[in-house]
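User: I'd like to go through this structure with you. Could you put it up, and then I'll ask things as they come?

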Amino acid sequence: MSKITNYIAGELRPPSAGEYLDIIEPATGEVYAQVADSTADDVAAAVEAARDAFPQWSHMPAAERSAILTRIADLLEQNAEDLARAESIDTGKPLKLARTVDIPRAVNSFRFFAAAILHAHSESHATDYQAINYTLRRPQGVVGLISPWNLPLYLLSWKVAPAIATGNTAVAKPSEITPVTAHRLAQICMEAGLPSGVLNIVHGTGAKAGASLVEHPDVNTISFTGGTATGEVIARAAAPKFKKIALELGGKNPNIIFADADFDEVIPASLRSSFANQGQVCLCGSRVFVEQQRYDEFVERFVTATRKLKIGDPLEESTDHGAQVSQAQLDKVTYYVELAKDEGGEILCGGRQPDAVSERCKNGYFFEPTVITGLGVECRVNQEEIFGPVVTIMPFESEDQVADYANSTKYGLSASIWTQNLTRAHRLAERIDSGTVWVNCWMLRDLRVPFGGMKSSGVGREGGAEAMRFFTEPKNVCIKI
Ligand code: NDP
């Protein structure tokens, strides 16, 4: 059975304690590989390698760093089909989703930041004919990057690319549930000629490897994407050591549909925003609000379209809906569907595991896309992040009411608004407490914009310019003239 090892100081290294964890293919429920179960010693070795690499890497001309990042992007692109397949097997997501979203977006992350560092600039301010101030932006040093299982390569690249482009060296800890594409990235970095120690990848659990990385005294910056509860643990550990942190956390995002929206666009887009990656995207619109006049029509058309989604082996081209990532996620989804029934919800479709989708996948973690109505905004199902293929639909009567509904959870990651009335869209976008508001679209990405959440969805912003700022430390120089 293949074993995934760590990437430390430019080489693939087994974990120091020799321990490994099983990796399960979600579509079959079977162990198909193993991954290093790293300890604090492995993290310490990775941090030491990153520290050693920092002086040279941070002083390398931007054009040379840019060329290396571009080579990484090229190699990811050349290996796109293999990577998409690996990601589909590792996560249970449909191959066509990995091919069209995860891998191209990972390539773009490296390309974008390879270009961005060539155009970096800093500010200068003249002070009343007395002085000139200019701001130097310097890399932070060794940064810690912790990423989740749902979009493993894409979210890892989203952190690694800006971190190393700006001259930092990094230690990454991907989720041990889906480590395969991170391992492929390590191999590609070696092939691209990334100097040893610039990026180190330590696999293992959050409790052991992740916590050791956060605690390490030589890691002064942590960029974390994952659940809100884990974010709280990380914030607690980092605060007394005054570490700089960015936390990209959970969401319970509203998808708001006005009666004047174009339903021919809204229905397919809402299917994607509800069920993409089996509902395991932090940006999924899990609470759908539809203006009263067209509520019945929406429910009927949406449920009909949901029933047509093809649940199947993620590796088959025709599959729209694959497996949940793990037994634990499947159990969580099942729990919330039972809770919805207890809270008075009506399950219009789904709500169960499908019959075996194929012989190969008979023990996989599949769950039908599920649509629920009849619940109020305050019930637990509408307040807590399920992170699965479960959406609720609720009617609303006015703009004021839907703004209150949208803001009624502790989360504030993203929202979608569907309407032909753009004045209303602007007005409502301003009122909704979330880091991103999409109007007549969902999950369109421009790497230049700040990305992140409000309230319990996170602290700090990533994305293009924001990431360049996050991963650099400003130093002001004031010269008397
Ligand atoms: P988790 O919070 O469970 O884990 C995220 C990462 O943190 C994993 O690598 C995990 O390792 C690690 N980790 C866990 N505990 C610690 C710790 N004490 N110290 C350091 N690291 C730790 O999230 P999931 O992997 O379950 O991902 C799903 C969550 O991520 C959802 O809530 C989703 O909304 C959120 N998310 C947010 C996004 C955003 O941009 N805002 C984007 C994508 C997902 P291990 O796997 O061993 O637990």
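User: What area is buried between domain 1 and domain 2?

Analyst: About 2,600 Å² is buried between domain 1 and domain 2, and carbon and sulfur atoms give 54% of that. Buried area here is the accessible area (1.4 Å probe) that two parts lose on being put together, summed over both. On the domain 1 side, Ala 27, Trp 149 and Ser 457 lose the most area to domain 2, together 21% of what that side buries. This is a predicted model, in which local features need pLDDT of at least 70 and side-chain atom pairs count only at pLDDT 80 or more, while totals for chains, interfaces and linings use all residues. Residues are numbered from 1 along each chain as its sequence is written, and side-chain values use heavy atoms, with hydrogens and water left out.

User: Where do the domains run, and how many residues of each are in contact?

Analyst: Domain 1 covers 3-249 + 457-480 and domain 2 covers 254-446; the bounds come from an automatic or database domain assignment. Contact (heavy atoms within 4.5 Å) involves 32 residues of domain 1 and 30 residues of domain 2. Taken over C-alpha atoms, the domain centres are separated by 30 Å.

User: Let's look at Arg 461. Where is it, and what does it touch?

Analyst: Arg 461 is in the loop between β22 (458-459) and α14 (464-470). Helices (H or I, at least four residues) and strands (E, at least two) are DSSP runs, numbered from the N terminus. Not counting residues up to four places away in sequence, Arg 461 touches Glu 248, Gly 435, Pro 450, Phe 451, Gly 452, Gly 453, Met 454 and Glu 466. Its side chain also reaches the backbone oxygen of Gly 453 at 3.0 Å. That is a polar contact, meaning a pair of N or O atoms within 3.5 Å; within protein, one must be able to donate a hydrogen and the other to accept it, and residues adjacent in sequence count only if both atoms are side-chain atoms.

User: Buried or exposed, or in between?

Analyst: Arg 461 has a relative accessible area of 25%, so it is partly exposed. Buried means under 20% relative accessible area, exposed over 50%, and partly exposed in between (1.4 Å probe, protein chains only).

User: And Thr 409, what does its side chain reach?

Analyst: The Thr 409 side chain reaches the backbone nitrogen of Tyr 411 at 3.1 Å. Thr 409 lies in the loop between α12 and β18 (411-412), and it counts as buried because its relative accessibility is 5%. Leaving aside neighbours within four places in sequence, Thr 409 is in contact with Lys 252, Arg 287, Asn 382, Gln 383 and Lys 455.

User: Switching to rings. How many aromatic pairs are there?

Analyst: There are 10 aromatic pairs. Rings of Phe, Tyr and Trp (its six-membered ring) pair if their centres lie within 6.5 Å; planes under 30 degrees apart count as stacked, over 60 as edge-to-face and the rest as tilted. One of the pairs is Phe 263 with Phe 298, edge-to-face at 5.9 Å centre to centre with 85 degrees between the planes. That pair links distant parts of the chain, with Phe 263 in helix α9 (residues 263-275) and Phe 298 in helix α10 (residues 295-307), 35 residues apart. Both Phe 263 and Phe 298 are buried.

User: Why is the pair of Phe 289 and Tyr 405 called tilted?

Analyst: The planes of Phe 289 and Tyr 405 are at 35 degrees, with ring centres 5.5 Å apart, so the pair is tilted. Phe 289 is in strand β14 (residues 287-291) and Tyr 405 in helix α12 (residues 399-406), 116 residues apart.

User: Back to Phe 263. Which residues are in its cluster, and which charged end sits over its ring?

Analyst: Ring pairs link Phe 263, Phe 275, Phe 298 and Phe 302 into a cluster. The charged end of Arg 294 sits over the Phe 263 ring, 3.7 Å from its centre. The criterion is NZ of Lys or CZ of Arg within 6 Å of the ring centre and within 35 degrees of the ring normal. Arg 424 likewise has its charged end over the ring of Phe 258, 3.9 Å from the centre.

User: Last one: what is phi of Tyr 129?

Analyst: Phi of Tyr 129 is near 60 degrees, a positive value in a residue other than glycine. Most residues other than glycine have a negative phi. Tyr 129 sits in the loop between β6 (124-127) and β7 (131-139), and at 82% relative accessibility it counts as exposed.
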